[in-house]
Structure formats: structure tokens, C-alpha cells
Amino acid sequence: MVPEEARSNNKRQKDERTIYCLPSDIIERVFLTLPFSTLLRCARVCKQWRNFIHDPEFVASQLQHAPQYALLFFQQETVSRQRCPSDAILVDEALSQSTCAVPVIGPDEFLFGSCNGLLALYTKTSTIKIANFSTGQCLHLEKPVKNLRGDHFSLYTFGFHPATKQYKITHFLRDCTQTGRPHNNDNVSIIQVYTLGDEKWKDIPIPIALNLNTVRNSGVVNNDGTLYWLTEDMIANCRHAIMSFDVSKEIFARIQLPEVLQDSAHGYPRRYWIREIDGKMCIATAQTHRYVPRWLVSKIHVWTLDHNKSEHMWNHKYNIHLSSDCILGPNFVHWDRIIIRPSNGDLFASEFSRENYDTNFSKTVMLLNFSPRKHNLQSHNCVKSLVRLDIFKKAGIVHRPKQWEGWELKKWQFWEQNLYKIETMWCRVHQEEHKQMAFAQSMRIELNRLLPRISDDAMRQYIGIKIDQILPAFSNQAMAQAMASIGDMIRNATHDQFLMP
């Protein structure tokens, strides 16, 4: 007789051999159908599964099949003398929010890029943080220039070059004097580029000086390893054009805008936004009020840029009806829905109903209310990915943070203080309710002592019922009214009793 335990072990070993004998493409299909959290647990089952799941080919395949999320990032700010830390939430295609915050974002960090599940975060220290928000892996890199005055997270971008399979960070370096102080805060002549895994940053001169005011107002996107930003086309009578920079090939190019986007009808100024839609660079533009720039006096025209070999082609995408310039960046369209941010703190997602490029909103769903925060909100495309960062740890500019623990407490300190205030308020409310119940109980006892003085049984029973109703009357007004009514009834009953012959 074979013992039961031995038969169970033999069956398990046979099942394991059967799994290991499956073709790799079958195993891949099975793994790709699993939720991301289950996939991470599978990587800890055995060495073979771990190697398979962390294989670069499977990581790339998982990225292609991963569902898209909208990552809404709230910058650190101070509202009514209360500090709100930096934070973010994820929204899926069903417009359901994540139940927890993104833990890799520190309270004082600013998001300047999202690519393949990696977040690029600007810190107030001498380092930049790259983090995989799904696995928790983080990489701290030296900034290209330490303690640079006027440095800002909006001067950095982060992206992936599909041809070289490399992740790159770019930095617009302000023109500085020999002392390191910016002598012209508005001009940039050098772009600094760093490739994850390299030993140092690389300086690349810009052929035409870049004006930062234009970049701040319109934005910059890193799309498939190419930077795009708006510039004034000095050749074409100060009209606008798009500058592109291939980060890998280190090639600059000027792209002309469609003629229809250059007109300023009736003398109204025109505003531009450089954004990304469906993996393509796009430009959105509208005419604004002369005296209130946030008010739009025309539709928002959205055009996307397509690449046909060496040619650039503009395609008209949308005409959007909006009354204010609430275009989030760098991604304001998710799943054919536009994210709208009115000035009252509410955030909405509206479906497109399109005819001949004209866009109206057929269905609008409220996502959240981000009060008391103001307008410091970003919208990024994001996925949960298996991209590893530990393979870049040996690079020369990688630093281990001095303070790794304890930041979570700092991040949630503001919210814990608010929670403490709410709990204190409810504790006081509970104490007041307890006092009122005790007072109502004592008054009920005193009034019941007066009931035997009423000889009319029906009246005594009716007043007794009224006295019992005092106990659930928690408000002072209701209790006062009930006691006054009962007092009048007792006085009338006893008075009538004395008047009877």
C-alpha cells in the first residue's frame, strides 16, 4: 500500500512537470490574463516563473496588454494656511477611482513624466526619483546641476525611445553666469539629456534660444523619444511653429503649423497648448478674451501630428466647445472622454459626440471634488508594469536616499490633523447628546412623579405617553417644546381637578 502522503506528493510533482512542459507561448498567454497583483505573486512561486515574468520580452508583452489608467496628480500647495501634500489617484476605464493613494510619491515631490508605468519625480533635494508605482522600486539620480537657482520641475521631461529601447530624461538648462546664477531667466540654450544606466548627463546646444515663457504657457511633451514645444517662427514674421528634438539622434527640426491655426480673427489673441492624444503629439488652440485670458471666445481646435516617413502631416481631430481654458496636461483625453476641470473644484469626464469634427458632450460623469486644492492638477496616461529599475543601480549618478523611512507619516500628517479635528468634533457632539439624554431622563422622572396628582385616568395616561416622547427628543428646541406642552397639560388637568365640586 502506498501511503496517502506519498501519493499526494507524486501527484503534485507530476502536475508541476506538466506545467513546466507547456510551451512558453501558452504560459505567456496564461500570465497575461492574470491581474497584475496576482502576476507579482506568481513571480515569487519559483525561480522559473520569476525568470519568465521578469524576462524583457514578457515585460514588453505585458506593457502592450496592460489596461490604461488616468493618473491624476495633485501638486503640493498651501490653501488657507494649511499644507496639502503632493498626491495622486488612479482612474480606470470604468471611471472608478483607486481606493488608496500612489505610495511612491512623496509629500514634497512633483511629477514631471509618466511612461510605461514609471513615474519621474522632481524633489527639492539634489536628486530626481524614478519610481515604478506598481512594484515600489525607486531609483534616485543626481540632478544635472546641483543647487541651481530657479530650477523647476516643469523644465524636465521623461520618456521612452522605442527605437533604442532606452529611457531618457531631459532638462532645459537656463542660461547662467559663471557663478551659477541665471542671468536671463527666460532663455534656454542647452538641453541636458540623461539615459538611464549612463554615467553622466550630456549637454546638447539648441540651435535657436528657447523662450521659457512660451514653454510654460503651452507646455512640452515627450512623445516616443521626441520632444515637442511651441516657438515663435522668426522666419515667418513672428508666427508660431513647433520645434521637435529627437533625443536619441540629437536632431532638431521645425514643423510648420496649419495655416488655419495662425489666424486671429477680430483681433482676439490666440492661445496654444501642446498635449498628447492617443499616443500622438497634438496642438490645441483657441482665441481668448482680450482682458480675461482664461475666457475663450472660440472653439478649441485640436490637431494631431502624424509621421509619414520623413514628412509631417496635420490631421484635424476635434472642435471642442468650452468656455474656459481648463485643458489639463499632458493628457486631457482618456478613452474618448475629455477631462474637464471647472473652477469650483469638481472634476468631470465627458464623452465625445462628434459630427464633422464638431464635439459636444453627450454624457458627463463627475469623477471627484479636489477642494480645497486650486488649479495645480495634472493628468497623465499610466499603466501597471513590470519594468525593473534595479538593473540601472550601478550607474555613477545613482544615489541612495539618506532618509528613506518616515516620509509617509509626513505626507499624511495634514490629513491626520484634519481627521483628528473631525473626530474631536464628533466626540463633542456625542458628549452633548449624552448630556441631553441625561437631562431628558431626569425630567421624565420628575414629571412622572406629578402624574398621581391627576385623577382623570384618560388624561393621566395621555400625559404619560407625552412624557415618554421626551427621551428621543435630542434637540434643545424639541425638548423645550415638549416640556412646555406637558407642563401646560399638567397645570390644566390639576386646575380642572380643583375646580370640580
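Where is D151 found? I located D151 in the loop between β8 (138-142) and β9 (156-161). Strands here are DSSP runs of E, at least two residues, and helices are runs of H or I, at least four, numbered from the N terminus.

**Ground rules.** I am working from a predicted model, where local features need pLDDT of at least 70 and side-chain atom pairs count only at pLDDT 80 or more, while totals for chains, interfaces and linings use all residues. Residues are numbered from 1 along each chain as its sequence is written, and side-chain values use heavy atoms, with hydrogens and water left out.

**D151.** D151 is buried yet has no salt bridge. Buried means under 20% relative accessible area, exposed over 50%, partly exposed in between (1.4 Å probe, protein chains only). A salt bridge needs a side-chain nitrogen of Lys or Arg within 4 Å of a carboxyl oxygen of Asp or Glu. The nearest side chain of opposite charge is K143, at 4.6 Å. For charge, Lys and Arg count as positive, Asp and Glu as negative; His and the chain ends are not counted.

I then looked for polar contacts (N or O atoms within 3.5 Å, one able to donate a hydrogen and the other to accept it within protein; residues adjacent in sequence count only if both atoms are side-chain atoms). The D151 side chain makes one with the side chain of Y156, at 2.9 Å. Another, of 3.1 Å, joins the side chains of D151 and H171. Neighbours within four places in sequence aside, D151 is in contact (heavy atoms within 4.5 Å) with Y122, K143, Y156 and H171.

Beyond four places in sequence, L196 meets I130, L139, L141, Y167, I169, L389 and F392.

**Cysteines.** How many disulfides does a search of the whole structure find? I got zero. The cut-off is a pair of cysteine sulfur atoms within 2.5 Å. C115 is buried at 13% relative accessible area. C282 is buried too, at 0%.

**N217.** I placed N217 in helix α6 (residues 212-218). Outside four places in sequence, N217 is in contact with R271, Y272 and W273.
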